[in-house]
Every structure is written in structure tokens, then in C-alpha cells.
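I am opening a notebook on this structure and will write down each thing as I look it up. The sequence and the model come before my entries.

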Amino acid sequence: MICILSRVKNFAKNPENLIYLAFISVFLHFVITGIVIAFVSVAALVQSKTRKQIFSFKGKKAFIAFTLYTFFLALFSENFLGAAFSIGFFLILAISYFVRANITEKTFENCLDICCLAAIPLALSAVVEQLLNNSIEGYNCKLWFFNENYFCSVLAAIVIICAHKATSHKSVVVKYYVCALFAALGLYLGQSMFAIVEVFIGICILLILKKKHALLAVLVLVSAIGVFIVLAIPDIFPRLSEVNITSQRRIRIWNEAMPFIGDSPLFGKGFLSYYFYARQNPSMYQTAHTHNFAIEAMLSLGIVGTVILLMLIWSYYQKAMECKELLRCNTATTLILTLSTAVLVHTMTDLTLLWLQTGLLYALILGAIGIDERALNKRIYACAGLGGASDRKEEED
């Protein structure tokens with residue numbers, strides 16, 4: 001037993017091990033993902049060096065304030081699930097900051113390869129699931145991701161990552177096309193229309209940022225042909241026939257959520273407030289959230305919490321834009337901005353990022369900003385003639 005604990009301790013001391021473990025856990029059962037989130041975050045927080053790293057970035061005050069705000073707000077509102085969600089949010093964001101401080105370019109590229117290759121077993125498993133449930137009309141594959149929207153969101157991110165890798169490397173790109181095809185197969189079996197839109201928007205943004213205008217034109221043309229074929233032969237994509245039902249469901253949720261914003265416009269009731277209200281009102285459509293970022297923020301966080309969240313977001317993307325503008329080689333930032341835009345579009349109709357696997361995947365990729373951040377610091381210090389000072393930590397708020 002002591003030997004096992006010693007090995008676990010030695011494993012946890014290596015940041016690279018924890019980063020690889022976190023990435024791999026995204027594609028496993030959500031219970032395992034939750035356990036890994038707890039393990040990696042606690043391992044990072046209990047070590048003095050990594051704990052200082054986590055709380056050294058600009059925006060740490062907003063991070064701490066937001067966590068305390070959402071937790072106690074939910075607790076006082078007796079929204080206990082929302083309070084638990086606040087803890088989960090804290091742990092996932094702590095992992096993101098840990099990654100930001102420790103990830104290297106080589107490790108990140110390896111982790112992206114893991115994401116791409118994961119599409120193969122996921123798609124094959126989805127095929128098996130579909131065959132086992134073929135007798136169920138309108139069945140949508142979800143595997144171990146709780147529901148098909150989370151499953152498809154992970155696959156959508158994989159397709160975008162494959163496109164990023166394929167356009168970043170002149171050699172061995174075939175494997176990324178193959179992985180993208182497997183991910184596309186999984187998306188088809190999951191039948192999430194909004195995830196497909198996320199993929200299209202994401203790849204368009206990626207090609208624009210990388211100035212691949214010829215490929216962008218080809219993508220738009222192929223997508224137009226694909227839409228035409230699907231409209232001409234609706235049976236190819238059965239979920240298309242449910243688009244009116246899905247849209248009406250979203251509108252109903254939004255209409256039912258809006259009046260409750262007035263109950264606590266300043267503070268909200270904490271995370272997952274829609275679910276909190278829906279349990280008290282059986283006539284409401286029963287779901288976890290409002291399927292819209294703006295409505296969800298105002299309902300759950302109120303004006304005060306939304307402002308704190310926007311401060312946290314601003315502190316991050318301000319640095320991301322600096323890296324994009326000032327660095328010639330900004331591979332990590334390009335992927336981050338691409339995926340962020342795609343996810344933002346998706347949040348207008350769904351909030352799939354509010355889940356263990358999807359939330360962790362996005363947080364890990366956001367953490368990769370640390371690669372370009374350190375490169376930018378080195379460039380700034382070199383220009384200022386400060387040399388080795390580039391390794392110093394960021395100033396605290």
C-alpha cells in the first residue's frame with residue numbers, strides 16, 4: 001500500500017503526467033473524468049509550487065471572487081446542486097491555470113494527437129451502440145457522455161483540432177484527415193445539428209486566421225453541396241425533420257426562464273438556476289439549463305455575477321489577443337481563438353460546455369495559452385535587453 005501511494009505521489013509531482021492524464025480522461029466515462037478532475041486539481045493545489053502558479057496569473061482575483069460568489073449564492077438559495085457545480089468549476093479552472101503554467105509545445109502537440117486518435121475508438125464504439133439499438137426509431141448515440149449533445153460537442157472539437165493539425169503540418173497530414181472522418185462518423189450517429197454548425201464555424205474561423213482562403217472557398221462550396229443533398233434527401237439526416245420541434249423546445253425554455261430573471265436580477269440563484277426553478281415548477285420543461293449563454297448568465301449569476309465572469313473572461317482573452325497580434329508563431333492561440341468562437345456560437349442554442357468532459361477539454365485547450373504567453377514574454381524581455389528576466393512570474397493583480 002505504501003509503495004502504491006509512493007508511486008502515485010511521484011506520478012503527481014510531474015506536471016506532464018497530470019496533463020496527459022487529464023486529456024485522456026476526457027474520452028473516458030464521465031465518472032472517471034470526474035475522479036481525474038478531482039485528482040489532478042488536488043494534486044496541483046496541495047503542492048506549494050504549482051499552487052503558487054495557479055494563483056499567479058492576471059485575473060486571479062476575479063477567479064477567486066467568482067468561485068466564492070457562486071458557491072455561497074447557491075448555498076444561501078438552497079440550490080445545492082449549483083453549489084456543487086461551483087466547486088467543479090473551481091477545480092476545472094484550477095487545472096486550466098495549472099496547464100497554463102506548465103504545458104510545453106511538445107506536450108500540447110502530443111495531447112492534440114491524443115484527441116485526434118480518440119476519434120477512432122469513439123466512432124467505432126458509436127457504431128456498435130447504433131447496431132445494438134437499431135430497433136429504436138430515432139436513436140442517437142451518446143456512449144458514456146451522458147447525452148448525445150455532449151458526445152457530439154467533444155467530436156466537434158476533435159474535428160476542429162484535426163483541421164488545425166492538418167493545416168499546421170505539411171507532412172503526415174493523412175492521419176488527421178482519417179481521424180476527422182471517424183469523428184464525422186460519430187457526429188452523424190450522434191445527430192447533433194448544432195455541433196455540425198459548430199464544426200463549420202470553427203473550421204471557417206481557423207482558415208481565416210491562417211489565411212487559407214483557397215481552402216475556405218472549397219469548404220464553403222462542399223458545405224453548400226452537402227446542405228443541398230441533405231435537403232433533397234432528408235432521410236440522410238433524420239434529425240433534420242425534428243428541427244422545428246427542437247427550435248420550439250428551445251424557445252419554450254427561454255420563455256419560461258425569462259420571468260425568473262426578475263426574481264433576483266442582481267444576484268441570481270447560482271449555477272443551474274433553471275433546473276432549480278424547474279424542480280419547483282413541474283409544468284416547466286425539465287432540463288438542466290436554459291440552452292443560451294446570455295439567459296443562463298443573467299438567470300444563474302445575476303448582474304453582479306455576470307460582471308465578475310466577464311472580467312474573468314476579459315483578463316484571459318486580452319492576453320490571447322496580445323499573443324495573436326505580437327507573435328508570428330502563435331499556433332496555440334490560433335486554435336484557442338478558433339475553438340472559442342465555435343463554442344460561443346454553439347452557446348446561443350446549447351451549453352454543452354457545462355459538463356465534465358466538455359468543460360475539461362475546453363479548459364485544457366485554453367490552458368495552452370501559456371505556451372505563447374511565455375514566448376511573448378521572452379520576446380518582450382529580449383527587446384528590452386533583460387535576457388533571463390523572461391522567466392520571472394507574472395505580476396500579481
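My entries below go through a helix, the cores, a pocket, some loop residues and the cysteines.

**Ground rules.** I note that this is a predicted model, in which local features need pLDDT of at least 70 and side-chain atom pairs count only at pLDDT 80 or more, while totals for chains, interfaces and linings use all residues. Residues are numbered from 1 along each chain as its sequence is written, and side-chain values use heavy atoms, with hydrogens and water left out.

**Helix α2.** I looked up which residues of α2 (residues 15-25) are buried, and found L18, I19, Y20, A22, F23 and S25. Buried here means under 20% relative accessible area, exposed means over 50%, and partly exposed lies in between, with a 1.4 Å probe and protein chains only. Helices are DSSP runs (H or I, at least four residues), numbered from the N terminus. The cover over the buried residues of α2 includes α1 (2-13), α3 (30-46), α6 (80-102), α7 (105-132) and α16 (356-367). At the N-terminal end of α2 I found N14 as a cap, with a side-chain oxygen 3.0 Å from the backbone nitrogen of E16.

**Nonpolar cores.** I then turned to the nonpolar cores, each a set of buried Ala, Val, Leu, Ile, Met, Phe, Trp, Tyr and Cys residues joined through side-chain atoms within 4.5 Å. The largest has 90 residues, and F108, F151 and I158 have the most contacts inside it. Helix α8 (residues 148-168) gives the most to this core, with 14 residues. Leaving out residues up to four places away in sequence, F108 touches F23, I103, A332, L335, A368 and I371, where a contact means heavy atoms within 4.5 Å.

**Second largest pocket.** A pocket is an open set of points on a 1 Å grid over the protein atoms alone, where a 1.4 Å probe fits, with protein on both sides within 12 Å along at least five of seven lines; lining residues have an atom within 4 Å of a point. I recorded a volume of about 1400 Å³ for the second largest pocket, a volume being the space filled by probe spheres set on the points, which are joined across faces, edges and corners. Of its 36 lining residues, I196, V199, L219, V222 and S223 are the closest to the centre. Two or more lining residues come from each of α8, α9, α10, α11 and α12 (243-261), and α11 gives the largest share, 10 residues.

Most residues other than glycine have a negative phi. I therefore noted E78, which has a positive phi near 65 degrees and is exposed, at a relative accessible area of 54%. Its place is in the loop between α5 (60-76) and α6. K211 has a positive phi of about 60 degrees, lies in the loop between α10 (193-209) and α11 (213-232), and is exposed at 65%. S192, in the loop between α9 (174-190) and α10, is buried, with a relative accessible area of 3%.

**Cysteines.** How many disulfides does the structure hold? I found zero, a disulfide being a pair of cysteine sulfur atoms within 2.5 Å. The sulfur of C329 is 11 Å from the closest cysteine sulfur, in C323, which is too far for a bond. C323 is buried, with a relative accessible area of 0%, whereas C329 is exposed, at 55%.

Terms used:
A polar contact is a pair of N or O atoms within 3.5 Å; within protein, one must be able to donate a hydrogen and the other to accept it, and residues adjacent in sequence count only if both atoms are side-chain atoms.
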